[in-house]
Amino acid sequence: MATATEKGFYGTGRRKEATARVWIRPGTGVVIVNGRDINVYFGRETSKMILNQPLDVLEQKGKIDIEVNVRGGGLSGQAGAIRHGLSRALCNYNPEFRPALKKAGFLTRDARAVERKKYGQPGARRRFQFSKR
């Protein structure tokens, strides 16, 4: 599935309720998220670190331009979705990257999500206090 378009190589990433559409192309290391710079979009260093993990593993930091559209969830879920999408796009860009990304666990979709709240109860797992009388 070599998905190369005029924008570059594409990968879709998901985490919690977030979905990220990621395009990469050879460049100078510019990262644009929803039309904004990564430092403007993500305030936390941990979110930026999560996003850059695949590039660190492959030693591609500063060699690839990244453009991302991400929707849904919070900033933490969005960072995880971008990491997943970036990893998949890197596999499309160069299939030799796949074993390293697979070993690091970046190609696996993390299926953990918030459990739904049940009717008649205050939360997903929380129950009303039992009353004997």
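This is a predicted model: local features need pLDDT of at least 70, side-chain atom pairs count only at pLDDT 80 or more; totals for chains, interfaces and linings use all residues.
Which residues is Leu90 in contact with, leaving aside its neighbours within four places in sequence?

Residues are numbered from 1 along each chain as its sequence is written, and side-chain values use heavy atoms, with hydrogens and water left out.

Back to Leu90: its partners are Ile24, Pro54, Leu55, Leu58, Ile64, Phe97 and Leu101, where contact means heavy atoms within 4.5 Å. Leu90 and Ile66 have the most contacts inside the largest nonpolar core, a set of 27 residues. By nonpolar core I mean buried Ala, Val, Leu, Ile, Met, Phe, Trp, Tyr and Cys residues joined through side-chain atoms within 4.5 Å; buried is under 20% relative accessible area and exposed over 50%, with partly exposed in between, using a 1.4 Å probe and protein chains only. Helix H3 (75–93) gives this core its largest share, seven residues. Helices (H or I, at least four residues) and strands (E, at least two) are DSSP runs, numbered from the N terminus.

Now the strands, which pair if DSSP finds at least two bridges between them. E6 (residues 64–71) pairs antiparallel with E3 (residues 18–26) over eight bridges, and runs parallel to E4 (residues 31–33), joined by three. Val68 in E6 has Val22 opposite, and Val33 also stands opposite Val68.

Finally, Arg71, also in E6, is exposed, at 60% relative accessible area. Its C-alpha is 5.6 Å from that of Thr19, 52 residues away in sequence.
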